[in-house]
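Visitor: I should be grateful for a close look at a single part of this structure, with its surroundings explained step by step.

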Amino acid sequence: AWLQVLPCWILQFDFLCALFATSLLIFDCAGCSRGDSFVRAQGKMPQDLQNSQRFHVMRPQHHHAMLTFALGGISCQSAALVTNGVDVIKTRMQLHGEGAKSISSRGIVATFGHVIRSEGFLALYQGIVPSLLREGSYSTIRMGLYEPIKRAFGVDQPGQSYTTNAIKKISAGAVAGGIGAVIANPTDLVKVRMQAGQGGSHQYNDTIGAFRTIVRHEGISGLWKGWWPTTQRACLLTGTQIPTYDMVKRALLKNDVLSEGRPLHFMSSFAAGFACACTTAPTDNIKTRLMSQPVDASGKGLLYASTADCFKKTFVAEGFKGLYKGFWMQWLRIGPHTVVTFIVFEKLRQWAGLQPV
């Protein structure tokens, strides 16, 4: 019986942590704005805010690995709460007209309207449970591993000046994302299938039922269906997202365009989100189709035999643009997701006494 309620406990804890982090970030804006205004008017901070954590000066210190992992996961869960509806629309757009030349792509507004009319507003939060579980595993790992892997590659060692070694930073992000994706693939699989909705090939009543059904009909290995394109996408995403944020942020600081703070975090994360959408859209499309395809009694896919087969069939049937189907929704999802993730992540790091990214 406890196995049935454990995921609910985990979800409630994850939801509260993410909601707490997001709420504190919003309420903190008032205090920060007050301090910023005072500084501009008086040339110094108000006395009652000088010693506040909101304005404490960051000093070089050893990163606390476990804390970095936890804060990374919570920040990504906060972003998932905001962007789940966009993720649902993106998934539906990617699956609409799958493998057909004659069916034109359904636009964002049309897809949104169709979902609301046929399934109701709550359909925008289909798959929210596995989505939060996925962020709590996959994103915790990738966000936490980036910095130690980057230092293991000899970049930005403690006590050394900042270096812009794009290749090593991209490699560090790719390794961190790949490790997280392989481990968390089951939650990603369930998320995609549940977000496919009524028109999908798989129908589940709840998250636990989805895991049970997959194991019963497709075996344990069925939970890792689509793991290769998922890992490819994760390598591309993390190898693009975190290093782009890192390097854009440092470039803006170095050229005195912006100083450390929310505007800098927003601009850097906005650039990182757009870069992610450009690099990951084709693999995200392939991953969605592989995971949501119908299977036979043995758990073998009926539409695609492999990642290469899915890529080939999609390209032949729908052309190059078929690989980028749902691109704008992909960007509308990964863009805000990246912005919320890094703004919350930076604020949580500040409160915890860690250096900025």
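**A buried histidine and its surroundings**

Guide: His337 has a relative accessibility of 2%, and since buried means under 20%, this residue counts as buried. Please bear in mind that the model is predicted.

Where does His337 lie? His337 is part of helix H12, which covers residues 327-351. Leaving aside residues up to four places away in sequence, His337 touches Cys76, Ala79, Ala80, Thr83 and Glu135.

Which residues of H4 are buried? Thr111, Gly113 and Val115 are buried in H4. The helix itself comprises 12 residues, 108-119. How does its length compare with expectation? At 1.5 Å a residue, H4 should span 16 Å, and its end C-alpha atoms are 16 Å apart, which agrees. Just after H4 comes Gly120, which takes a positive phi of about 90 degrees.

Gln293 lies between helix H9, residues 262-292, and helix H10, residues 307-318. Is Gln293 buried or exposed? Its relative accessibility is 3%, so Gln293 counts as buried. Gln293 and Leu303 are 10 residues apart along the chain, and their C-alpha atoms are separated by 6.4 Å.

How many helices and strands does the chain have? There are 12 helices and 0 strands, so that the order of elements from the N terminus on reads α-α-α-α-α-α-α-α-α-α-α-α. Buried residues make up 51% of the 357 residues in the chain. Of the contacts between residues at least 6 apart in sequence, 76% join residues at least 24 apart. The chain exposes about 16,700 Å², and carbon and sulfur atoms supply 66% of that area.

How values were computed. Residues are numbered from 1 along each chain as its sequence is written. This is a predicted model: local features need pLDDT of at least 70, side-chain atom pairs count only at pLDDT 80 or more; totals for chains, interfaces and linings use all residues. Side-chain values use heavy atoms; hydrogens and water are left out. Helices (H or I, at least four residues) and strands (E, at least two) are DSSP runs, numbered from the N terminus. The expected span of a helix is 1.5 Å times one less than its number of residues. Buried means under 20% relative accessible area, exposed over 50%, partly exposed in between (1.4 Å probe, protein chains only). Contact means heavy atoms within 4.5 Å. Accessible areas come from the Shrake-Rupley method with a 1.4 Å probe; for residues, only the protein chains shown count as cover. Axes are lines fitted to C-alpha atoms, for helices over the stretch in contact, and angles run from 0 to 180 degrees between N-to-C directions.
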